[in-house]
Amino acid sequence: MAGFYARSPFVALAERFVGLTIYSHELGFLRKPYRDYLRSTNSAVPAVQSHLTQCLEAVKKFFEYLLSMPESSYICFSVVQWGEAIQAILVLSRLTFLMAAKLGWDSDTTRANIPLVMYLDCLCFRFQQISTTKGNESEKPNNPDMLYVFNKILGSVKKSYERRVNAIRPESLPVDLGNGLGPVRGHCPILDPTLSPYFAVTPEDSTYSSSWDLSTNSDLSHGSSRLVYHDLWATMTCSWAD
């Protein structure tokens, strides 16, 4: 029995997740709300250079293993594995803007060193391949499965992330880059108006912070027959933008 668990791909994935968790904790990425932490005196302590590079390597190892797993493995994921994947995306996003600020990167250098967009593209492609829900971009399919919806969520995350990376300039502060106001501020994908048909959430839901103008989206209302998919993302991130 011990040998079975030792050979389990889920155990191997968890081992890699432990590595990124250790370094992300040292860098303050697990503080909630993260924006308030960045603005506090605690974040004024210079980040150790080795922690930045080691955290990046740990996250890369996690995603490389995640993407090397057979596609059929994703179907067997529990809330634990999905939570690890979400947390890894969150950590790499926050690491992006901290490294860019500390090392004086511009947007091109950031894209060359942080492969988050590539990871998101690969995951979206794999989810699309194994999802039993088939549909076009113009209309929502009936009863979409979890892989289809998660694919849409990651697409929203990629769009927001790319927009913020494009705004990176040398000598900027992390709070300006990753958690600023206006066009460079991130958003919780649950509040993306293009995803509203998949989620039961209202503008009064104060758990999340967002750059979306919810007052203009009349479709974002509760529906008793609508499936709720946001619980996992909400539990793991508490607030994507924060």
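**Reading a helical chain**

Mentor: Let us begin with the secondary structure: the chain has eleven helices and zero strands. Please keep in mind that this is a predicted model. Along the sequence, the pattern reads α-α-α-α-α-α-α-α-α-α-α.

Trainee: What percentage of the residues of the chain count as buried?

Mentor: The chain has 242 residues, and 49% of them count as buried. Among contacts with a separation of 6 or more, 74% are between residues 24 or more positions apart.

Trainee: How should I describe two helices that pack together?

Mentor: Two packed helices are described by the angle between their axes and the distance between the axes. Take helix α4, residues 49-68, and α8: their axes come within 11 Å and cross at roughly 20°. Angles under 35 degrees count as roughly parallel, and α4 and α8 are therefore roughly parallel to each other. Their crossing is left-handed.

Trainee: Which residues make the contact between α4 and α8?

Mentor: On the α4 side they are Lys60, Phe63, Glu64, Leu66 and Leu67, and on the α8 side Tyr119, Cys122, Leu123 and Arg126.

Trainee: At what angle do the axes of α4 and α6 cross?

Mentor: The axes of α4 and α6 cross at roughly 145° and come within 10 Å. This crossing, too, is left-handed. The residues that meet include Leu52, Leu56, Val59 and Phe62 in α4, and Ala85, Ala88, Leu92 and Leu95 in α6.

Trainee: How many salt bridges does the structure hold?

Mentor: To find one, look for a side-chain nitrogen of Lys or Arg within 4 Å of a carboxyl oxygen of Asp or Glu. The structure holds two salt bridges. In one of them, the side chains of Arg111 and Asp108 meet, with N to O at 2.6 Å. Both residues belong to helix α7, residues 107-113, where they are three residues apart, about one turn of the helix. Arg111 counts as partly exposed because its relative accessibility is 39%.

Trainee: Which residue forms a salt bridge with Lys158?

Mentor: Lys158 forms a salt bridge with Asp121, and the closest N and O atoms are 2.7 Å apart. Lys158 lies in helix α9 (residues 146-166) and Asp121 in helix α8 (residues 116-130), so this pair ties together parts that are 37 residues apart in sequence. Lys158 is partly exposed, at 22% relative accessibility. Asp121 is also partly exposed, with a relative accessible area of 34%.

Trainee: What should I look for when I search for disulfides?

Mentor: A disulfide is a covalent bond between the sulfur atoms of two cysteines. The cut-off used here is a pair of cysteine sulfur atoms within 2.5 Å, and by this rule the count comes to zero disulfides. Cys124, for example, is in no disulfide, since the nearest cysteine sulfur, that of Cys122, is 9.4 Å away.

Trainee: Is Cys124 buried or exposed?

Mentor: Buried means under 20% relative accessible area, so Cys124, at 14% relative accessibility, counts as buried. Cys76, by contrast, is exposed, with a relative accessible area of 53%.

Trainee: Which residues does Lys140 touch, not counting residues up to four places away in sequence?

Mentor: Lys140 touches Pro197 and Tyr198 on that count. The place of Lys140 is in the loop between α8 and α9, and Lys140 is partly exposed, at 36% relative accessibility. From Lys140 to Pro197 there are 57 residues in sequence, while the C-alpha atoms of the two are 7.5 Å apart in space.

Definitions and conventions
Residues are numbered from 1 along each chain as its sequence is written. This is a predicted model: local features need pLDDT of at least 70, side-chain atom pairs count only at pLDDT 80 or more; totals for chains, interfaces and linings use all residues. Side-chain values use heavy atoms; hydrogens and water are left out. Helices (H or I, at least four residues) and strands (E, at least two) are DSSP runs, numbered from the N terminus. Buried means under 20% relative accessible area, exposed over 50%, partly exposed in between (1.4 Å probe, protein chains only). Axes are lines fitted to C-alpha atoms, for helices over the stretch in contact, and angles run from 0 to 180 degrees between N-to-C directions. Angles under 35 degrees count as roughly parallel, over 145 as roughly antiparallel, 65 to 115 as roughly perpendicular and the rest as oblique. A crossing is left-handed if the near helix is turned anticlockwise from the far one by less than a right angle, and right-handed if clockwise. Contact means heavy atoms within 4.5 Å.
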